[in-house]
Amino acid sequence: MAKRSDFQKIRDLPGVMNVVEVPVYKLTMFNAPDMTGVSAVWNHGLGFKQGFKGEGMLISIIDSGIDADHPDLSVVGGVRFFSEGGGPPWKRPVSHDGNFDDDNGHGTHCAGIAAAKGGIVGVAPGARLYAIKVLDSSGSAYMSVIVAGVDWLEDPAFKELGIDVTIAN
C-alpha cells in the first residue's frame, strides 16, 4: 500500500492524472433522538395531530442494513453493496445482492427512529422501509460503496417499483 509520502511520486508517473487517498468511513454514535428532533414528535405529537403518520411512504435507510424480522418495523426489501476481492480499494469492484440484514444494529436503530410502530413510535410509523446496506458489521465502508448505494436509488430497477425518490440527510 502506498504511503502519503509516495503520492507525489505516483502523480509524476506518465499517464497518472491524480492520486487521492481512499478513506474508510466509520459510524459514530450520537444521541440520535436529540440530533433528529424526534423527541418533539414523541413528546408533543407533532405531525400526528395533523394526521401525518407516513402511510404510503417508503423510506430508504442507507446504513448497515435493517433487521428484516424486527416486529416493530415494516421492512419491504433491501439491497447490500460491498467491495469485493483483495488489493487496493480503488481496484475492488462494488457488487450488490439481496443480503441486507443488519449485522451492526445501527441501521435498524435509524429505521426505528424513522418508522417504528411498537413500544417506541418513530416519526412516520405508517411508512414502509427499504434497506440499502452499505456499511459492514464494524460500521465501516469505502466511499465507493456508499456512493453506489446512493446511486442505486436512481437505478431503473428501483424506479420500476413506482417510487419517487427524495434524498434527505
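## Basis of the values

In this predicted model, local features need pLDDT of at least 70, side-chain atom pairs count only at pLDDT 80 or more, and totals for chains, interfaces and linings use all residues. Residues are numbered from 1 along each chain as its sequence is written, and side-chain values use heavy atoms, with hydrogens and water left out.

## Aromatic pairs

Rings of Phe, Tyr and Trp (its six-membered ring) pair if their centres lie within 6.5 Å; planes under 30 degrees apart count as stacked, over 60 as edge-to-face and the rest as tilted. The count by this rule is two aromatic pairs. F81 and W152 make an edge-to-face pair, with 6.4 Å centre to centre and 65° between the planes. F81 belongs to strand β3 (residues 75-83) and W152 to helix α5 (residues 143-152), so that this pair links parts of the chain 71 residues apart. Helices (H or I, at least four residues) and strands (E, at least two) are DSSP runs, numbered from the N terminus.

Y130 and W152 are stacked, at 5.7 Å centre to centre and 15° between the planes. Because Y130 lies in strand β5 (residues 128-133) and W152 in helix α5, the pair ties together parts that are 22 residues apart in sequence.

## Cluster and burial

F81, Y130 and W152 form one aromatic cluster. Buried means under 20% relative accessible area, exposed over 50%, partly exposed in between (1.4 Å probe, protein chains only). F81 is buried at 6% relative accessibility, W152 at 11% and Y130 at 11%.

## Charge over a ring

R80 lies over the face of F82, 4.0 Å from the ring centre. A charge sits over a ring if NZ of Lys or CZ of Arg is within 6 Å of the ring centre and within 35 degrees of the ring normal.
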